[in-house]
Amino acid sequence: MKPDTLDSAGVLVKADGLHRTFGTVPAVENVSLSITAGEIYGLVGADGAGKTTTMRLLVGALRPSSGEASVCGFSLTRQAEPARACLGYLSQRFSLYEDLTVLENIRFFAEARGLQPDEWRPRSLEILDFVGLARFQDRRAGQLSGGMKQKLGLASALVARPRVLLLDEPTTGVDPVTRQDFWQLLIQLVTRATDKVAILISTPYMDEAARCHRIGFMQRGRIITEGTPGQLRGLLEQRVLELCGQPLPLLNSLSRAVPGVEDVKAFGDRLHLRVAASQAAAVAGSLERAVADGGGQFVSARPIPPSLEDVFMYLSETGHA
């Protein structure tokens with residue numbers, strides 16, 4: 001079957017004005033995005049922002065109330081089967097068959113996608129080697145660690161050679177070393193010389209969001225802004241001060257009363273202050289006086305480059321870019 005649309009720019013995932021309601025409650029509103037081959041697009045937002053519903057719409061598990069989406073040019077409403085054949089999907093609650101071995105789990109998913117015996121075995125061994133599970137192929141899935149289960153989930157999603165990967169918070173609950181290994185696998189998938197995939201991933205981790213080529217920030221079912229990590233950090237350029245001193249609760253209270261300070265957040269043993277545009281220098285001078293007058297110990301107040309955490313807290317509070 002030929003796709004409805006072909007895109008010369010290499011767009012593999014496209015959504016136009018997706019809406020989805022449950023009863024009278026809107027879960028996704030007017031979501032539009034596009035992802036090209038070789039690109040990792042991150043969806044970031046608080047729980048309930050609409051990330052998982054968006055994923056389920058793009059994998060064809062839900063039908064949109066309105067709007068259109070396509071994968072590899074195939075419409076998810078009019079050409080669902082060929083569209084799904086292009087997809088690999090790893091949900092938050094990936095279900096393994098714990099009594100089956102690693103290889104038997106891969107075989108199940110391979111045969112479910114139509115691979116014949118002469119295809120699935122060499123492909124399965126190739127994928128298990130890629131994700132680092134080849135020497136565990138005979139271990140029962142129920143005996144795997146959490147990180148190894150996530151790698152098996154990725155292997156299952158990759159066994160049919162998808163052009164598009166949809167990954168819904170795939171590293172939640174696994175240790176930092178496993179998260180690093182998992183991301184190295186994703187980077188290899190989008191940078192290899194041939195058959196580059198497009199990846200849509202949702203994540204609660206800002207260090208992971210920083211690895212994405214582009215990020216869409218979701219709130220109340222909408223993507224309220226998107227851009228590269230650098231572009232998003234630019235929203236608060238010259239508007240973040242780092243305040244060091246003691247005691248932190250007192251400094252938090254005192255700094256909120258300083259003119260030009262819009263918000264204060266604790267970051268470890270120091271505070272990040274969001275200040276009004278072009279007022280960083282004036283606020284820094286006022287802080288030293290305010291802390292001294294209030295009985296606190298002032299160490300320093302200096303402008304710092306905004307982190308993605310700073311940006312996403314700002315977006316969560318203001319609801320706009």
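Visitor: Which residues of helix α11 (residues 308-318) are buried?

Guide: This is a predicted model, in which local features need pLDDT of at least 70 and side-chain atom pairs count only at pLDDT 80 or more, while totals for chains, interfaces and linings use all residues. Residues are numbered from 1 along each chain as its sequence is written, and side-chain values use heavy atoms, with hydrogens and water left out. Helices (H or I, at least four residues) and strands (E, at least two) are DSSP runs, numbered from the N terminus, and buried means under 20% relative accessible area, exposed over 50% and partly exposed in between, with a 1.4 Å probe and protein chains only. On these terms the buried residues of α11 are Leu 308, Asp 310, Val 311, Phe 312, Tyr 314 and Leu 315.

Visitor: Is Arg 274 buried or exposed, and with which side chain does that of Arg 274 make a polar contact of 3.1 Å?

Guide: Arg 274 lies in strand β13 (residues 270-275), and its relative accessible area is 12%, so Arg 274 is buried. A polar contact is a pair of N or O atoms within 3.5 Å; within protein, one must be able to donate a hydrogen and the other to accept it, and residues adjacent in sequence count only if both atoms are side-chain atoms. The partner at 3.1 Å is the side chain of Glu 317.

Visitor: How many bridges join β3 to β8, and which residue of β8 is the bridge partner of Leu 43?

Guide: Strands β3 (residues 40-44) and β8 (residues 198-202) run parallel and are joined by four bridges. Within this pairing, the partner of Leu 43 is Ser 202.

Visitor: Is Arg 220, with its positive phi, buried or exposed?

Guide: Arg 220, a residue other than glycine, has phi near 50° and is found in the loop between β9 (214-219) and β10 (222-227). Its relative accessibility is 65%, and therefore Arg 220 counts as exposed.

Definitions and conventions:
Two strands pair if DSSP finds at least two bridges between them.
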